[in-house]
Amino acid sequence: MSDTPELALPKKENWNSKLGVVLAVAGSAVGLGNFLRFPGQAVNNGGGAFMIPYIISFLVLGIPIAWCEWTMGRMGGRYGQNSAPGIMYALYRRTPAKFVGAMTLLIPVVIYMYYVVLEAWCLDYCIEFFKGGFAETFAKATAETANHQAEVDAIVGATGTHFGEHAGMGEHGALFSGGRMIWLVLFCFLVNFFIIYQGVTRGIETFCKWAMPALLICAVIILVRVLTLPDITVGLGFMWNPQWDKLYDPQVWLAASGQIFFSLSVGFGLILCYSSYLRSNDDVVLTSLSASSTNEFCEVILGGMIVVPTAFLFLGAGAASESTFNLGFTTIPAIMHFMPGGNFFGAVWFGLLFLAAVTSSLSMLQPAIAFMEDGFGVKRRASVAMLGVITAIGAAGVMYFSKGALAMDHTDFWCNLMMIVAATFQVLIFGWVIGAEKGVKEMNRGADVRVPRGVAIMIRFVTPTFLIVILGAWSYNKLPGYLEQMNPEKQGEVAERAAYVEAITAHFEPENLAQEVLDGKILGILGPEGETVIATTLVEWLREADDAAAEARKEAAADANIARLVFLGIIVFFILLVVLSDIACRNRIGRMIAVAEKEGAGLEAGS
Amino acid sequence: MNHVVAVLAQAGGEPGGLTVAGTVIMAGSILMVLGLASFCMVRILGEKDQPEGHHHSPLDIDRRDTE
């Protein structure tokens with residue numbers, strides 16, 4: 001490296017204040033997962049009992065990984081590196097580091113491609129509540145309902161239809177055939193890139209300094225409203241009463257550790273990037289803990305006491321136990337119909353979700369910007385423009401393949417899997433390459449609250465083991481299903497059978513058969529599940545469903561091919577980033593590190 | 001609202017309210033998170049920002065780039 005031409009290190013940008021960096025990192029962590037995913041996970045995994053594995057995961061998994069990332073980021077920053085590939089290259093020169101660097105560069109950029117669409121959904125709902133659009137929809141839907149349950153069904157049905165239409169769930173390309181969603185996504189893009197163009201201090205830090213308090217104020221307003229509802233203890237009981245037997249279920253422990261992992265934004269390069277802008281003696285221990293505790297405040301107190309209790313109170317157990325998307329975009333709007341001042345609170349709620357989403361999406365852009373600047377010396381304007389084009393292409397794909405949120409779902413799955421892989425390698429690099437003892441010593445540099453010695457053992461043994469278990473369990477549970485969804489033949493067969501089952505059910509409907517009898521008839525006509533249905537052998541009356549079955553088969557096979565396309569796109573992008581990272585590290589990043597070392601050696605000698 | 005509770009009870013929703021264990025877990029979780037967040041914020045706001053600028057220095061680590 002010594003024979004390469006020297007390079008003047010660019011002027012280093014630093015955070016203006018500790019509070020600024022705490023709010024920026026907390027902003028990156030606080031997102032839809034805190035307000036929507038956490039309550040859904042908790043209520044479906046033991047209610048209050050969920051908090052036991054959740055807190056243990058926070059202490060054993062969340063905090064140590066966050067400390068490792070903060071420390072490695074600050075170490076990389078001392079070499080003038082702000083991007084994951086540069087930071088990894090500064091710390092470890094072997095092949096795994098290159099892959100981890102490229103992976104942690106890829107994950108936030110790819111997540112941004114669908115996250116900006118979620119952001120636009122939140123803004124769309126905020127506008128809809130603000131202008132009273134939902135009130136009109138609800139008035140029409142409940143015009144002829146006779147009792148409370150019918151009203152609930154009508155409202156939930158109306159919000160479900162609204163969500164399906166506005167998110168383009170019905171068919172691919174629906175969002176490009178009119179409507180305001182495309183403009184809202186464009187608006188969100190402009191907001192994000194305008195802020196990111198301003199830089200770390202003037203853009204991200206300034207925005208987060210007002211957005212995070214605004215978000216918290218909005219959430220507290222909603223919380224006060226919720227806690228002053230009559231009979232709210234009924235809803236709180238549904239959310240928090242513990243089901244202790246669930247603690248014997250390993251899936252509950254997996255859900256809790258997964259929630260902590262994904263909630264704290266660890267493992268995918270955001271913290272590495274943000275902490276690299278710290279000064280070399282800035283406190284990483286307390287800053288990291290502050291950002292994590294702010295995230296927990298939003299998740300446990302605000303997320304845990306708002307959505308599920310009110311959903312149960314107004315709509316019942318079914319609506320309160322929905323999946324994240326349904327809870328957020330079908331159940332919550334329905335709640336607002338029953339809540340006094342629902343239009344106002346609905347607008348405030350989705351406004352806060354929008355702010356939470358923006359503070360998160362900003363953090364997804366900065367690592368790639370930093371890589372282009374550090375790795376190739378691209379000016380900010382050009383790097384912002386290039387990243388804008390890349391993410392716009394990806395977001396357009398996510399928006400186009402919107403049926404059943406297909407592209408979004410598959411992108412999210414592969415990114416989640418890579419996050420766990422990347423986090424595992426980062427912790428292993430920290431614990432075994434840098435050395436846990438040495439790493440903790442570096443962690444404690446400038447720390448107001450010092451990390452106990454036991455953390456070194458935890459980082460070396462417990463946390464990576466925990467991560468490997470999560471990775472194994474996550475892959476075992478989810479990977480086969482997602483791989484099967486990428487098989488056009490298999491998906492076609494499943495869809496074809498489903499179409500015939502529908503036709504058989506409709507045929508026997510007048511006879512009002514018991515489900516078991518009906519299942520027996522389906523088995524007799526179509527054969528066992530998993531076997532190919534041979535249309536020519538079917539009974540005559542069922543042949544009328546041939547066209548529908550063939551159409552279903554074709555559509556399902558096409559969707560499987562889209563899922564393959566998403567996977568291949570991510571793989572190609574990853575390989576491209578590995579190559580680019582390698583080129584950058586061998587050239588500009590390598591020279592920058594050499595210069596930083598020389599400067600540092602001079603400083604040490606001078607002192 | 002009582003009507004809603006009655007409907008839920010009929011539907012098998014068992015709207016029994018918070019149990020003692022539920023209250024303890026909820027209050028404990030809130031206190032833990034509030035305590036941690038307050039402690040951190042008080043320390044962060046009370047700390048003076050480091051006046052020195054950024055400087056580069058070598059780290060005593062083995063990057064494994066030499067055999």
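Trainee: How much space lies in the largest pocket?

Mentor: Please keep in mind that this is a predicted model. About 1,200 Å³ of space lies in the largest pocket.

Trainee: Which residues lie nearest the centre of the largest pocket?

Mentor: Of the 48 residues that line the largest pocket, A:Arg37, A:Phe262, A:Thr324, A:Asp412 and A:Asn416 lie nearest its centre. By class, the lining is made up of 22 nonpolar, 21 polar and five charged residues.

Trainee: Which helix gives the most to the lining of the largest pocket?

Mentor: H2(A) gives the most, with eight residues. The helices of chain A that each supply at least two lining residues include helix H2 (32–44), helix H15 (324–338), helix H16 (342–376) and helix H18 (406–443), and also H11 and helix H19 (454–485).

Trainee: Is H11(A) mostly covered or mostly uncovered?

Mentor: H11(A) is mostly covered, with eleven of its 14 residues buried. Among them are A:Val252, A:Leu254, A:Gln259 and A:Phe262; A:Phe262 is also one of the residues nearest the centre of the largest pocket. The cover over the buried residues of H11(A) includes H1, H2, H3, helix H13 (284–315), H18 and H19 of chain A.

Trainee: What is the span of H19(A) from its first C-alpha to its last?

Mentor: H19(A) has 32 residues and reaches 44 Å, close to the 46 Å expected at 1.5 Å a residue. There is a kink of about 40° at A:Lys478, shortly before the proline A:Pro480.

Trainee: Against which helices do the buried residues of H19(A) pack?

Mentor: As a general idea, an α-helix has 3.6 residues a turn, so residues three or four places apart point the same way. In H19(A) the buried residues include A:Val455, A:Ile459, A:Thr463, A:Leu467, A:Ile470 and A:Trp474. The buried residues of H19(A) pack against helix H3 (51–77), H11 and H18 of chain A.

Trainee: Is A:Ile468 buried, partly exposed or exposed?

Mentor: A:Ile468, found in helix H19 of chain A, is partly exposed because its relative accessibility is 48%, between the limits of 20% and 50%. The C-alpha atom of A:Ile468 is separated by 50 Å from that of A:Phe508, 40 residues apart along the chain.

Trainee: How many residues of H16(A) are buried?

Mentor: In H16(A), 31 of the 35 residues are buried, and the helix is mostly covered. H16(A) reaches 51 Å from its first C-alpha to its last, close to the 51 Å expected. A:Gly377 follows H16(A) and has a positive phi, near 65°.

Trainee: Which value does phi take at A:Ser265?

Mentor: In general, most residues other than glycine have a negative phi. At A:Ser265, phi is positive, near 60°. A:Ser265 lies in the loop between helix H11 (250–263) and helix H12 (270–275) of chain A, and counts as buried because its relative accessibility is 4%.

Trainee: Where does A:Asn512 lie?

Mentor: A:Asn512 lies in the loop between helix H20 (488–508) and helix H21 (515–526) of chain A. Its phi is likewise positive, near 50°, but A:Asn512 is exposed, with a relative accessible area of 68%.

Key: Residues are numbered from 1 along each chain as its sequence is written. Chains are lettered from A and ligands numbered from 1 in the order in which they are written. This is a predicted model: local features need pLDDT of at least 70, side-chain atom pairs count only at pLDDT 80 or more; totals for chains, interfaces and linings use all residues. Side-chain values use heavy atoms; hydrogens and water are left out. Helices (H or I, at least four residues) and strands (E, at least two) are DSSP runs, numbered from the N terminus. Buried means under 20% relative accessible area, exposed over 50%, partly exposed in between (1.4 Å probe, protein chains only). On a 1 Å grid over the protein atoms alone, a cavity is a set of points where a 1.4 Å probe fits but cannot get out, and a pocket is an open set with protein on both sides within 12 Å along at least five of seven lines; lining residues have an atom within 4 Å of a point. Grid points are joined across faces, edges and corners, and a volume is the space filled by probe spheres set on the points. Ala, Val, Leu, Ile, Met, Phe, Trp, Tyr, Cys and Pro count as nonpolar, Asp, Glu, Lys and Arg as charged, and the others, Gly among them, as polar. The expected span of a helix is 1.5 Å times one less than its number of residues. The bend at a residue is the angle between axes fitted to the seven residues ending there and the seven starting there. Contact means heavy atoms within 4.5 Å.
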